[in-house]
Amino acid sequence: MQFHHHGYVSGDPRVQPAAGVGLNRPEELPEEVDVLIVGSGPAGMLAAAQLSQFPTITTRLVERRPGRLAIGQADGIQARSVETFQAFGFAERIIAEAYRITEMAFWKPDPADPSRIIRTARPDDDPTGISEFPHLIVNQARVLDYFAEFAANAPTRMKPDYGLEFQGLEVTGEGDYPVTVTLLHTDGPLEGQERTVRAKYVIGADGARSRVRKAIGCTLAGDAANHAWGVMDVLAVTDFPDIRLKCAIQSGHGGSILLIPREGGHLFRMYVDLGEVTAHTKGDIRSTTIEEIIEKANAILAPYTLDVRNVAWSSVYEVGHRLTDRFDDVLPEELGTRTPRVFITGDACHTHSAKAGQGMNVSMQDGFNIAWKLGHVLEGRSPESLLSTYSAERQVVAKNLIDFDKQWSTLMAKKPEEFEDPTELENFYVRTMEFPAGFMTEYSPSMIVGEATHQDLAAGFPIGKRFKSAPVVRVCDTNPLHLGHHATADGRWRIYVFADEPLPGNPSKVADFAEWLATSAESPLAATPEGADLDAWFDVKVIYQQDHKSIDINAVPAVFKPQVGPFRLNYLEKVFGVNPSEDIFELRGLDRGGVVVVVRPDQYVANVLPLTASAELGAFFAGMRAGVRVR
C-alpha cells in the first residue's frame, strides 16, 4: 500500500484523501450525475466501489430499501471473487470471518440398506491448486458492507442513497445528460414523492425483476422452472457427522440436500429437494412451510436427525434458467450507429439456480467489467466505443454459466438409481472445478483483448483470461509476495515487464524497452495527463530473472521507479526478482528472452508481446484512444 508520498499520514491509510467530487459531496442526490447505479446488490456495489476511484466522476447509487441489507440470500464466494476482494483491499478481513471450504462430502444410499445414507466420497475442494485464494461462505450482506466501506473511504466519498426506487427512464440522446430517470421516495419525509435525475449513463443492478431491464425493452428468455427446492439458514442440533462440511446428500427414496455450512461455527444452509414442479403442483409447492422443509430434510438424512432450534431465513424457489438477449440499451438494428447509455448487470441479465454458487460471483464481475470502462470513457482515457464491449463480453459468460448450472442442478435433482455411474456427481464436481471457481472466463479478441500471436512467450498467462498471480520477491525491501496481489482496483492498466537475462546496468532488451516507455510519443505512458504522476494511468512493474540479492536497484531504469507525489519521491516497490523456490518464469512458462504481459483494470490479460514489440504495444493502446472525446 502506497501512502506518505503526499506527506505524513497519521490515521488509517485505507482512508484515501478526498478529491474531486468528494471534496464537497452533497448529501442529497443531485439533479445531474455522470453515472446513476440502480440497486445496491453485489454488481451495483462493486461498480460503485470501482467508480469511487475516479475523483472527477459523479457517481450515485440509489436503493429502494431504507438502509443496508441485513441478510442476503447469496453466500458462496468463489476464489475468483476473493481475488477481486484482494484488489479492493478486504480479502484478508473477509477470509477471517468466513467459513472456508476445503473438502466436499458426497452421501448416498447404503447399498446394504437403501433407507440409510452413507458417505461415499470426500474430494478436496481445489485438488489441482487452481488458485491461492480460498473458497468461502459468508453472508452477502457482509460483502456489500466491505464494498460500501471501500467506496466511503475513496476520494469521491461514495455512499448509497437509500429510500429511492426506480420508476422508469427515457434515453433522449440530447445534451450532456441524455438519460432522464424517474425515482420514487420510499422512505423519509419525502416518501411517496417522485423526482427526476438526469444522467450520462445508467447501470441497472436491480435484480431478477429489474425495472431497468424492462425500461430498455429487454426480456429474460429461457427454460421455465421445473424443480423446486426449500432453502433454510438454521441453527440446529444434529448427529449428522458432516454438518460442518459442504455436502451433496442423496437419499434412497430420491430426495436430496445440498448442505452449505455458514460462517460463525454454527449456522448452516440446506437446499432441500421438494420435487418436480407441474402446473397442478406449483401452488402447493410454493406454499411449503418451514416445518415441512425440516420434515423433508429429516427424511433425507435418515438415520441421522435434525433438531432445528432457530431459523434465520427460509424460502422456496424453483429452478429456472433465463438470459437476456443484450446487456445494454442498443437494439440490434442500432448496432454500429450509437454507443450504449444504459447497462444491466447481475440477476437483471441472467437467472439460474443457487446451488452452483455463481449468482453473486458472476454478478460482481459484471459490475467490475462495466465500471472501469465507464470510468475510462468519462475521464477521456478511452472512446465511447469501449462501452460496447461490455455486452459482448459478459453475455457469453452468462450463457456459459447457465449451461453449466443446467448440468449441475440436473445432476443434483437426479435419483440415485438414475445415474449410469454411481460416482457421476462427484466426478462432475471435480472435473469442472475451474468453472465454478470463476476462472474459465476467456474474453475474445477486441479493442481491449489482443490476438494470441505471441501467446507462446507466456503460456501461463492466457490472453483473455484472468491474470494468475505467482510468487516474486520485491527488491527494495526483500519481501516475498504474490505479484498479482498488488494490483489494486484503482482503474489502472498493468504492464508487467519480464526482463531478458542480463542484469540491470548491462545492455539488454528490457533496457531498450524501458527507454521507449519513458521517451517515445507512441508509449502508453505518453498519454498520462500533464501534472499527474507517471504511473497515474499505467502501473508498470519489472521482474528480473535473478534473485533479489543479485539486482542493483540503482541500475534499474528510472521508468520502473517513477517519481510520485508533490515531493517527487522515487517509488521503489515496482522492481522484483524471482523467488528461487517458485520461479515465476518457470511457473508461468515465460520466455527467457523477455516478455510483456498487459493486464486490464479488471485483472484480465489483454496482450502478450515480446520486449522488442514496442510498436505493437503502442498501437494496441493507441486503438483505445482513437477518437477520444474528453468530457
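In the predicted model, the span of residues 441–624 has its end C-alpha atoms 22 Å apart, and its composition is 14% helix and 21% strand. For this span, an unreviewed UniProt entry lists the domain "Phenol hydroxylase-like C-terminal dimerisation".

The largest nonpolar core of the model comprises 140 residues, and the members that touch the most others are Phe 147, Trp 493, Phe 498, Phe 560, Ile 584 and Val 597. Helix α8, formed by residues 359–378, supplies the largest share of this core, with 10 residues. Because residues are contributed both by domain 1 (20–88 + 138–222 + 322–386) and by domain 3 (455–623), the core lies between these two domains. Apart from this core lies another, of 45 residues, which includes Ile 137, Ile 243, Ile 249 and Tyr 271. In soluble globular proteins, nonpolar side chains tend to be buried together.

A polar residue, Asn 139, was examined separately; Asn 139 is placed in the loop that connects β7 (135–137) with α4 (140–152). With a relative accessible area of 10%, Asn 139 falls under the 20% cut-off and is therefore classed as buried. When residues up to four places away in sequence are not counted, Asn 139 touches Ala 70, Ile 71, Gly 72, Ala 74, Arg 262 and Glu 263. Within its own stretch of chain, the side chain of Asn 139 reaches the backbone nitrogen of Ala 141 at a distance of 3.0 Å.

Notes:
Residues numbered from 1 in each chain as written. Predicted model: local features only at pLDDT ≥ 70, side-chain atom pairs only at ≥ 80, totals over all residues. Heavy atoms only, no water. Core = buried A, V, L, I, M, F, W, Y, C linked by side-chain atoms within 4.5 Å. Buried < 20%, exposed > 50% of the residue type's maximum accessible area, 1.4 Å probe, protein only. Helix = DSSP H or I, 4+ residues; strand = E, 2+ residues; numbered from the N terminus. Domains from an automatic or database assignment. UniProt positions renumbered as here; feature names shortened; annotations may be inferred. Contact = heavy atoms within 4.5 Å. Polar contact = N/O pair within 3.5 Å; in protein donor to acceptor, adjacent residues only side chain to side chain.
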